Amino acid sequence: MVNKIAAGEIIIAPANALKEMLENAIDAGATNIQVTVKDGGMKLLQVTDNGCGIMKDDLPILCHRFTTSKIRKFEDLSSISTYGFRGEALASISHIAHLSVVTKTKDSQCAWKCLYAQGVITPQNPGEKAEPRPTAGKDGTLIIVENLFYNFPSRLKSLKLPNEEYMRILDVVNKYAIHTEKVGFTAKKLGESHNAVTIRDTQSIKDRIRAVYGSSVANNLLEISDSEGDPESGLLGLKGQISNLNYNGNKKKSHVIFFINNRLVDCEPLKKALTSIFAIYLPKGSKPFIYFSLAIKPENLDVNVHPTKKEVRFLHEDEIITFVCHKVQNELGDIDDLREFKTERLAPRSSDLTRSEISFEKADRPPKRQKINLSQSLSSSFSLGSQQPRLDYKNVRVDGFQTKITNFMKQSQKRNSLTEESFDESIQSSPRKGDTTENTSLAIDDSREDGVFTYVPKERTVVSLESIVGLRKKVESNVNKDLTQVFLNFVLVGIVQYLSRLLTIQSDVSLFLVDYGKLFFNLFYQIGLSDFANFGTINLKSPVSISGSISHVQDQVMEIANMSEKTKKEAIAELSDKAEMLEEYFSITLDVSDPEDPKVTGLPLLIKNHIPTLKKLPVFIYKLVFDVDYLDETSCLDAVLRHVANLYVPDSEPSFDSIENGSETEEMEMYKKSVEFLLSVVRRRFLATDDLITSLVEIANLPSLYRCFERC
Ligand code: ADP
Ligand code: MG
């Protein structure tokens, strides 16, 4: 029974079973794979391959759980589960369908046939022995799955119409066909003579894409490839094919295909990041084609987030997504001969300007200048990131100003990347002295190569907690598109006010005043939600006493000072009871060896290269103790996430005193850099929600400024 339920979780539709069968055939080194389907796969799913076959001796245990021949390929046992070789697929299928296997290895004289039920080999006719039977057959393996979910009526009922299930199957075959070079694929319905999918083993990736998605997609592709990747974040290489700027787009749906370590996966954060880049480039409503194959260090990967292994999670998700996005932006932005075309494309289709007016403006300028102007207008319309195609009159008329903005922007981009590096260096070289508080002497363990903090990698774990899923949904449903657009591409103009944490940014043609305290709080809350249970740990060199922190806060804030010792003790004990949960979910580690005086030893690492304001630690600890309702799951997790986010928000009272006299001290420089660094993270991954509306004011925009000038 347990096996059956487990099986039903892994295989929820025929396409899931088929995906597993395809992967097995590919792993077996097949160069030709044929798929045959009846009734959307519910009656029959059959995969024939010409791979290495299965040895006769292995057949009796083939469908035992955890039977996998793929272990020996990996020295490290831990990478097995991360790769998703769990030896579960065939076992699962045998619990919920009639499974037969015909297989022949090269060395075998004949092929062998077996039937399986409930994980074990069964007799082919009543009274016969349960063992493989010799039969005629070619080298390779034929796997036949019949009557899927025959013993699982509820699952059967939840399936779509056979034709829809068939389309899902074809979709999986198509995607594997695009990705798996040197392997030919066919797929068809049983009894039909023509194939719904035909890919020859010799076809190139582009031709495969053409065969599946048509010429309009295939003729407008940009190839991206990088065999080095970004080893520091565990990305070992990538290749991809993406729509170029000529692509007219698919109005109905985007095709986004990700393979990670040769497994077809979903990766929502990456998808979101990439499609938002295309939203800037493609005409409104057009959807791109995106195919990416990433190689990620297996130990950084957790494909078991979801039983069907579809949604995948990996460490350093942020860095890797940023890396891929940069590649895409470079490709899309750097194509010189497409620039002119692109600028044309950016002209409004329903503009009130006529073509001749536009060309008049262009013809008016010397050719050299025109070229510069075009690329400038392109890069600014890209970098300033308006989802709307940029209006030409804005390009032309605000030209003088724009040059400045563009220059500034380039500089600031350069500065930004420098900033990130030098920021790294600066944290590494000097632990932030200013962050120690009176009664808690804090320093972060700098024993490791990473410098200031100890980064403790953690295997990505499943987060299926309804509470977290619910909190994530809540954020998603509150996303404000226009506002998110503002934060997708902007330039920092400057920090206006430290005490109330205000800064100005320019996004597209508008200047905004932003409460960055609130902005970063939201950012960290979102990071907390999305990386929940998967944070690294910042190990504190000297553990911080919980009781001491509380006293410290009480000293500062009079009203709460007269709390009785007893409640304090109880509350601390309550927190100590939660140590395991805090560590598992939040990487907040406690040392409870002295029950009288438990200590905080580690904090969650939300972003690499950024350490929280440790000055806030006592307040954070105080809030963990007194401001979390540990009895209600959702509100508990939410509250801890909020406290963590607050801990990470830059201090509202920077520890430098020289602000008034205007001299920029080292700490001040550092503070600014960390704000700039966080802004770069905002640019990469931030969904602005409605509640942020009040934290942002538009103080000027260029068209209206221009109108002012015009009147002068
Ligand atoms: P896993 O793929 O995780 O190892 P499966 O249950 O999918 O587990 O398959 C179990 C084992 O059966 C594989 O490890 C492999 O040895 C063998 N196998 C399955 N399908 C094929 C195939 N088409 N060709 C060769 N061997 C296969
Ligand atoms: Mg498998």
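A charge is taken to sit over a ring if NZ of Lys or CZ of Arg is within 6 Å of the ring centre and within 35 degrees of the ring normal. In this predicted model, K56 lies over the face of W112, 4.4 Å from the ring centre. R155 is placed over the face of F152, at 5.4 Å from the ring centre.

Aromatic pairs number 13 in the structure. One of them is formed by F487 and F686, edge-to-face, with 5.7 Å centre to centre and 90° between the planes. F487 belongs to helix α17 (residues 481-488) and F686 to the loop between α24 (666-684) and β23 (696-701), so the pair ties together parts that are 199 residues apart in sequence. F487 is buried at a relative accessible area of 1%, and F686 is buried at 6%. Elsewhere, Y176, F259 and Y291 are linked into a cluster by ring pairs.

The count of salt bridges is 15. Three of the pairs are listed here.

| Salt bridge | N to O distance |
|---|---|
| R168 and E165 | 3.3 Å |
| D226 and K327 | 2.9 Å |
| E476 and K272 | 3.8 Å |

R168 and E165 are both in helix α6 (residues 162-179), three residues apart, about one turn of the helix. R168 is partly exposed at 36% relative accessibility, whereas E165 is buried at 1%.

D226 forms its salt bridge with K327 at 2.9 Å. This pair links distant parts of the chain, strand β10 (residues 221-226) for D226 and helix α10 (residues 317-333) for K327, 101 residues apart. D226 counts as buried at 12% relative accessibility; K327, at 26%, counts as partly exposed.

A network of salt bridges links K19, E23, D27 and R263.

Key: Residues are numbered from 1 along each chain as its sequence is written. Chains are lettered from A and ligands numbered from 1 in the order in which they are written. This is a predicted model: local features need pLDDT of at least 70, side-chain atom pairs count only at pLDDT 80 or more; totals for chains, interfaces and linings use all residues. Side-chain values use heavy atoms; hydrogens and water are left out. Rings of Phe, Tyr and Trp (its six-membered ring) pair if their centres lie within 6.5 Å; planes under 30 degrees apart count as stacked, over 60 as edge-to-face and the rest as tilted. Helices (H or I, at least four residues) and strands (E, at least two) are DSSP runs, numbered from the N terminus. Buried means under 20% relative accessible area, exposed over 50%, partly exposed in between (1.4 Å probe, protein chains only). A salt bridge is a side-chain nitrogen of Lys or Arg within 4 Å of a carboxyl oxygen of Asp or Glu.
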